[in-house]
Amino acid sequence: LDSFDFSLREGPTETHLKIAAEKLLNSDIPVAFPTETVYGLGAIATKSSAVQGIFKVKGRPVDNPLIVHVCSVQQLRQLLQPTSSQARLDATLDPIPNVYKSLIEKFWPGPLTILLPCPENSELAPEVHPGLKTFSVRIPDDPLALALIQLSGPIAAPSANASTRPSTTTAQHVKDDLEGKIEIILDGGTCAVGLESTVVDGLSNPPCILRPGGISLQQIRQCEGWEGVIAGYDCQSTTIPKAPGMKYRHYSPRASVILYEAGSSGPILEDARKVGVIRTMKWESQIGGDAGPIKDSLIPIPIRSPKGTHWEVWLGDDLESIARGLFAALRHLDDQGVDAIHVEGIPETDDLAATIMNRLRKAAIQICT
Ligand code: TXA
Ligand code: MG
């Protein structure tokens, strides 16, 4: 906590953090906390009963492994070599495989998750990596998350949404999904990235990306030992995905998402009632309507036209703001009670754009080309 000045920020105080850490250590009820990607639903990574609590609260399939969050590389080494003396930890026998050194140096803390062999005599709860010989870990780039982990020890956490729903990027979204099932949400404001971390496997040859996310393939490729990294999630669907979570229905609001690939003609709203529209780079505002220009807002704006009133959100036209607002826009349109959400896809000019489209394709029930 030494590096964390509570007087400089709004939101949870040191007392709140201590209560949250107590809850983690002394109960099996998970605690929601902010990270730079999305909110996490945490439990002590070495405590089976608590980790089981995560699966219960989320309604998550038990074969879907969790990411362990640590606050420092030192804490990770301790987790990998629990019985080692400090001297051994500092010596040449580093339990972290060499292949990850360049990535860790460049991207931690940050939205990158690495796969590691489960240590022998592992203290990790088996539920963290069900049936797997590997587990995944990252250092999140959020001061509240780091302070909490420093108090409680390593935290296993999936995204803090009900299973199949869009990930949560504000404390309110977590409350909407999990109220009554958890007792504490640490409110760290809106997540800066808005998409989950990139999951990489450096134990396979060639190394591969299991889930695209906040760090791009191009960025990873620039690191020593990662020049030949491949996109494992593109592997054809007949094989079992190496990141088990990639096979499930995902990121879905209650409304049906209809995705329009970049360059396709947009929707024709026959009957605009109960319809949401998410615009990004090209679509004109007020399809068929006559309202004034829409401000850059994630709050849906009603657009009146002869065909009825539909709701519109504009995510902005740069990739960072589209990534940051995407899940929130899906949730906020759901809150308006729409039946269908038409989403303007974007050209996959780079990896962040491709990651955004990866999430949208998973959310969509129909894709128009
Ligand atoms: O940004 C994030 O990664 C957020 C924040 C909270 O850290 N967490 C997150 O967790 O998105 P979750 O559980 O929603 O997604 C974790 C993904 C899943 O696709 C899971 O299958 C994969 O990582 N994964 C975790 N451990 C794995 C392992 N040992 N082998 C293969 N895939 C693994
Ligand atoms: Mg998730």
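A salt bridge is a side-chain nitrogen of Lys or Arg within 4 Å of a carboxyl oxygen of Asp or Glu. The model is predicted, with local features needing pLDDT of at least 70 and side-chain atom pairs pLDDT 80 or more, while totals for chains, interfaces and linings use all residues. Residues are numbered from 1 along each chain as its sequence is written, and side-chain values use heavy atoms, without hydrogens and water.

**View 1. Salt bridge between Lys175 and Glu179.** The closest N and O atoms of the two residues are 3.9 Å apart. Lys175 is partly exposed at 38% relative accessibility, and Glu179 is exposed at 58% (buried is under 20% relative accessible area, exposed over 50%, partly exposed in between; 1.4 Å probe, protein chains only).

**View 2. Salt bridge between Lys23 and Glu183.** Here the closest N and O atoms are separated by 2.5 Å. The pair links distant parts of the chain, 160 residues apart: Lys23 belongs to helix 1 (residues 14-26), and Glu183 to the loop between helix 7 (171-178) and strand 7 (184-185). Helices (H or I, at least four residues) and strands (E, at least two) are DSSP runs, numbered from the N terminus. Lys23 is partly exposed at 22%, whereas Glu183 is exposed at 53%.

**View 3. Salt bridge between Asp177 and Arg165.** The closest N and O atoms lie 3.6 Å apart. Asp177 is in helix 7 and Arg165 in the loop between strand 6 (155-157) and helix 7, so the pair ties together parts 12 residues apart in sequence. Both residues are buried. Arg165 and Asp177 are linked with Arg331 and Asp334 in a network of salt bridges.

Definitions and conventions:
Chains lettered and ligands numbered in written order.
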